[in-house]
Amino acid sequence: MQWLLILLFTLIISGCQGLQNVEPTNSVLTESDHLITITSVEFNQNCPISHQQQEGFFIATGKQSSQSIYEPFNIKYLNSQTFNSTTTIPPHSAPDLWNVMGESFSLPVPNNKRIRYYRNWFVDNPLHIKTVSKRAEPFLYLMYEEVQKRGLPTEIVLLPFIESSFDQFAHSNKGASGLWQITAPTGKSFGLEYWQGYDGRRDVIASTHAALDLLEYLHDKFDGNWLHAIAAYNTGEARVRNAIKSNKKKGISTDFWYLELPKETRLYVPKLLAMADIVKHKQEYQYQLDFAMIPASPAVTKVIVNNRVRLKQIAKHADISSKQLYALNPGYTAGYTLKNRDNIVLLPKNNIEAFYNNIDSRLYVRHKYFIHKIRIGESLSELAHNNNTTVSMIKQANEMSDSYIIAGQRLLIPLID
């Protein structure tokens, strides 16, 4: 019976006008074997394969909604309901990113004194958890997505929790800076740039790429041992390598827990693992710790500015405060983007529509868009054709993984010069 329902649903959304000569003869259904046999079913020969099966040809239907650009909806709901012209799709509530991450943690967490100490410390300092998790809100999904793309342990997303308490303006007395606490020489070795008015260590996107490049390098150098790599991220490759050599000479284990390392590093890895263990079992601490809820969906989006522009001006066009924009883009230390280069600027996802609706923003952005509100009967293919662009460009601009659209949804449509 389930396959028959799937068939009927497919026909409903396929755009066919009906069936012809449908004559179920010799239909047999028994409770013992749950077999359905339907013969002599002929479909209308004029009913083509649904264009909705092709990229961009899904026809928008449903009641007019106020869904904004980038606002996701529940595809599972769509695929499990009879879909017609009056169907409305409820807003999709993204799961809590902390829960999503916790489910994919894979690094072993031994029950030792150092880990127990930091687990208890976090539990005894709930304000720290609340404050830092709130600071992480704009950046956590961005980092999680990049870690997932590279196939790295999800626990690495928590390193800024340990390194900088997710303070993008953090600066140590050893010269480390930014969310990932990278020093200038190390940053330069892994592609970060430093210009008058710009510090790559504080650029959220650039520093994330550099930090993960460094961690991948260290993971390779330490033969796939993640605890050694993470320790080396904190104290340097040479110290960890020397500690390993020393243990080999003594004939003792080279496992991280037996290495003679600086106290800060000996506590650094346990602190990360303790935090990961709490996130993984967050439900057990729900009455003690208050994690800021962070949806597992993008909180910010990128625009490319190819001119020298004050952040204050960009903020005005995006209808946010200068302080809020600078908090997302601390790499621009002088408060303006740089000339003669592509500057990546992060904007809150919810403000991107206001930004592109302001025609003044088109004077300095590399990619220009206008906002289009989807009407019943439209498709991405039609929009692409009418606006001299492509379905893939529309999907990329709106961070869409599929071609489903609904009436009332607003999309960014690329403007072709």
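The model is predicted.

Q: What makes a residue count as buried, and what percentage of the chain is buried?
A: Buried means under 20% relative accessible area. Residues under that cut-off make up 46% of the 417 in the chain.

Q: Why is strand β6 called mostly covered?
A: Strand β6 spans residues 343–348. Five of its six residues are buried, so each of the five falls under 20% relative accessible area.

Q: How do you know that β5 and β6 pair?
A: Pairing needs at least two bridges found by DSSP. Six bridges join β5 (residues 300–305) to β6, so the two strands pair. They run antiparallel.

Q: What secondary structure does the chain hold?
A: The chain has 17 helices and eight strands.

Q: How do you know which contacts in the chain join residues at least 24 apart?
A: A contact means heavy atoms within 4.5 Å. Among contacts between residues at least 6 apart in sequence, 67% join residues at least 24 apart.

Q: What is the mean pLDDT of the chain, and where is pLDDT below 50?
A: The mean is 82, and 77% of residues reach 70 or more. Over residues 1–53 the pLDDT is below 50. This stretch still has 50 contacts in the model beyond near neighbours in sequence. Residues 72–92 also stay under 50. Where pLDDT is low, predicted coordinates should not be read in detail.

Note on methods. Residues numbered from 1 in each chain as written. Predicted model: local features only at pLDDT ≥ 70, side-chain atom pairs only at ≥ 80, totals over all residues. Heavy atoms only, no water. Buried < 20%, exposed > 50% of the residue type's maximum accessible area, 1.4 Å probe, protein only. Helix = DSSP H or I, 4+ residues; strand = E, 2+ residues; numbered from the N terminus. pLDDT = per-residue confidence, 0-100.
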